[in-house]
Amino acid sequence: MINTTIRRVLQKFTLSVLCCAVLASTVSMSAEALRPMPQPASPPAAVAVSDAVSEEIGLVGNLFCIAGSDNADHAALQWATTHPAASYVLYRSTEPENGFVPIYEGSGTSFTDNDMEIGKTYYYQLKATDGKDAWYSKVRSLVPCIVPEHLDTYDNQKGSSLVYETSGTKVGDTYYSYSLRSHSGQNDIFLAESTSNDGIHFGSERVVADKSQNADLASCKIESIHIEYAAKANKIIVWAHWEQPSGYNDGKALVITGTPGGEFTVHHVYNPLGIQVRDMAIFFDDDGTGYLIAAANKPGQGANATIYIFKMNDSFSDVTEIVKTLHEDQYREFPNLIKRDGYYFLFTSQAAGWYPSSGAYIVTDDLYGDWSELRSIGNTSTFSSQSGWVVNLRNKNYLMHAYRWLRAPETSGTTLCPLYFDNGFAFYDYYPSFRYSTKTGDLYPVQEGELLSQDKPATVSLAAELGKSAAKAVDGSYQSAFAAIGDHSKWPFYLQVDLEQICDLANIQTSWYIHKGSEGYYTYTVETSLDGENWTQILDHTNKNSAIVNSTYGFNSDMLSGRARYVRLNVLNATLHNNPNNWYTPTVYEMKIFGIPVEKSAPPIPAVKYDFETANGSTIPDISGNKGDLQLFGSAKLLEDTVKGSVLHLDGTTDTYAQLPAGLLDGCRDYTVSMDVKSESTGDFFTFAAGKDRNLYSFFRVSEEFFRFATTIDTWRGESEMRYDLNGTQWHNYTFVVNGATAKLYVDGVPVSETTELTSGLPDMGNGLDVYIGKSFYEEDAYFKGYLDNVCIYRHALTAQEIADQNPVLGDVNADGVFSVLDVIAMKKYLLGRETLASPQSGDVSGDSRINAFDLAILKRMITAEF
């Protein structure tokens with residue numbers, strides 16, 4: 001179909017164009033060359049910062065390094081809101097007030113900025129929208145820098161300890177260190193004090209509290225120990241969870257206070273205000289008031305049923321009142337309360353025994369007032385850990401100190417996640433390591449490479465609803481997930497991502513589904529490919545006898561090595577600790593691939609390509625030279641079309657069809673079929689088909705009124721399908737992409753329809769598949785009647801960008817994605833021999849396979865024409 005704007009230009013200015021054609025050869029205009037091409041939107045215009053700032057949005061940004069680099073020149077942005085936002089736009093500028101352009105648009109809640117320069121200031125503002133209303137964050141700024149020297153490194157993969165220049169509590173010129181422990185071979189508990197002049201070498205240990213002060217310390221066990229120094233009162237305060245040597249039925253608190261270097265008193269082993277307490281924390285407010293926060297329960301409730309906040313007396317030796325009860329009957333534990341920028345943040349974890357669990361927090365600006373709803377943070381398993389206490393690095397940076405009770409010996413026993421705050425929101429994420437200083441408070445997280453996978457084309461082998469498709473596993477949010485449709489759940493399955501470029505891989509981080517009380521670990525492999533057809537296994541995580549496999553729940557971080565464009569996670573099974581049967585629905589919350597981009601991917605190569613310009617009798621040559629020629633049957637023939645030139649015509653009579661090479665699509669769960677079609681058919685027929693018989697097939701139909709695709713391994717009864725209404729009697733290019741359980745239709749290069757619910761594919765049909773054009777596997781069906789041209793079949797899935805590249809923007813000779821006056825200037829310089837064209841195919845606007853003054857004249861008229 002001729003582009004109407006260009007046709008108008010040609011009709012209006014034919015004489016002037018011909019006058020300019022003295023430099024050109026004889027011109028023959030091709031209507032095919034002038035068919036509509038997708039015109040992408042112009043680059044977004046820069047906007048000024050928005051003053052419509054909402055206090056209900058939190059936006060944080062932190063600099064991080066790539067492993068092996070001393071440059072903190074990458075930024076991780078995270079955000080959250082209480083508004084009913086469905087999507088977000090993240091803007092960036094190098095000016096504080098103007099020049100903001102979008103660098104991210106989507107439904108995720110994080111983004112990585114990899115395009116930064118040392119020393120330059122970058123400003124960010126987030127727009128949240130529900131499609132009707134919009135809300136904006138405050139502007140945040142970051143300045144990439146060189147990481148300071150002499151920082152220590154913490155390894156989250158293998159484990160290490162935070163390094164402190166000194167330890168203990170300094171009072172005057174003396175450092176004091178305290179520990180609650182037992183004598184060897186006994187169940188007693190005592191508090192020991194040791195001193196130091198330098199905070200490094202401690203000695204002169206003395207016992208300051210033991211069973212001589214309270215008989216309950218003679219035989220017991222102690223957990224959740226908190227030893228704090230209240231500077232205003234010059235007191236050491238000790239609160240801990242006390243139990244009998246066996247069992248957890250008492251839920252008592254041990255309370256000890258004393259003066260550094262002085263006397264200590266064991267005040268209580270008791271249930272505060274008659275309430276059982278277990279996991280606990282101590283918090284001192286700005287005015288010096290002390291509070292006990294505990295996972296607690298009244299008689300008759302289950303252990304840790306509710307979180308209590310108690311106010312302490314002035315000596316911190318008892319509680320005087322209940323300030324607040326929170327999370328009633330929600331069984332949350334390991335509370336930790338901190339104050340930041342006027343907000344109180346209470347972090348807790350889901351009670352799950354020794355297994356990892358999801359972390360969350362609530363927030364308020366008044367301990368006695370209303371608190372927020374429970375807010376998720378991190379991923380669903382706290383990165384295979386249990387949310388714990390907060391490490392304060394000189395009030396400059398913070399870390400969530402999470403415990404890994406269940407783990408392999410060679411892995412880390414704690415997970416430390418950089419923790420950030422804004423507007424009453426808190427955020428943390430996983431990094432394999434970070435560089436830090438407990439002396440200065442500096443903190444620079446380290447990733448193994450750039451995040452390569454976010455919002456890249458992803459697919460999965462199982463059917464999923466669109467809102468839970470594979471795209472949700474790479475969208476930058478830990479709260480959304482791929483999840484298979486229940487009726488079609490099966491193991492094993494795969495999740496695959498196309499990085500759209502060749503990359504050196506370094507790390508894969510996978511956030512799994514995990515169910516409280518029935519936790520499971522996963523067995524899987526990772527395969528990679530450069531072309532989407534040939535695969536190499538680079539990771540094997542299937543040995544159930546390995547503690548790394550059988551003791552890692554909820555989250556895996558695996559180091560990778562290899563060069564690839566495609567990464568496939570093959571998930572074999574989930575093994576549940578309390579159930580021999582895996583009842584999980586296949587689910588992946590997030591899969592992150594890290595590495596370094598190396599080069600652009602080569603243009604896709606079709607398995608077969610037919611342009612119908614020539615024929616050898618009943619054989620159409622495969623101009624790709626790969627898989628083989630096309631065979632014509634019945635009345636199938638080539639003829640001249642006024643729009644397309646030489647095309648294949650099928651007249652719809654019995655046994656008139658074309659057959660592609662046998663086995664062309666054998667084993668292809670991912671493939672692409674592209675063809676130009678003008679239909680004269682109605683009723684039941686197949687335009688394109690691959691399969692064996694009426695039981696096993698995939699097909700699409702281009703009728704006069706619609707496009708329909710279906711695939712099945714159980715006749716028409718088992719078909720999963722998609723349909724798109726259109727006028728099929730006109731020439732259109734149909735590019736149909738099958739990628740696992742996902743199918744997408746592009747018409748004239750524009751995506752128009754998609755399904756993520758395919759329940760069968762070509763590999764399910766075995767080998768030796770027949771591939772037809774115009775013939776159905778049902779004998780009673782009609783044969784296709786219509787015209788076809790430019791048939792290309794790929795044994796892998798093309799991306800949206802690759803499809804757009806097959807339909808370049810007309811006139812965009814400088815390849816910047818849009819047609820503008822810059823292209824006219826570039827064309828002039830080319831014709832004068834001064835420079836080359838970045839996209840010469842976009843400059844042949846006349847369609848005569850030449851670039852000359854005729855094309856330049858058309859470009860001039862296009863730029864001045866009224867579109």
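Rings of Phe, Tyr and Trp (its six-membered ring) pair if their centres lie within 6.5 Å; planes under 30 degrees apart count as stacked, over 60 as edge-to-face and the rest as tilted. This is a predicted model, where local features need pLDDT of at least 70 and side-chain atom pairs count only at pLDDT 80 or more, while totals for chains, interfaces and linings use all residues. Residues are numbered from 1 along each chain as its sequence is written, and side-chain values use heavy atoms, without hydrogens and water.

**Rings.** I searched the whole structure and found 53 aromatic pairs. I looked up Tyr-403 with Trp-405, a stacked pair at 4.9 Å centre to centre and 5 degrees between the planes. I also noted one aromatic cluster whose members include Phe-482, Trp-491, Trp-512 and Tyr-584.

**Charges over rings.** Here I needed NZ of Lys or CZ of Arg within 6 Å of the ring centre and within 35 degrees of the ring normal. I found the charged end of Arg-701 over the ring of Phe-685, 5.3 Å from its centre. The charged end of Lys-775 sits over the ring of Tyr-772, at 4.7 Å from the centre.

**Exposure.** I call a residue buried under 20% relative accessible area, exposed over 50% and partly exposed in between (1.4 Å probe, protein chains only). How exposed is Trp-405? I read a relative accessible area of 38% for Trp-405, so it is partly exposed. Val-821 has 48%, so it is partly exposed too.
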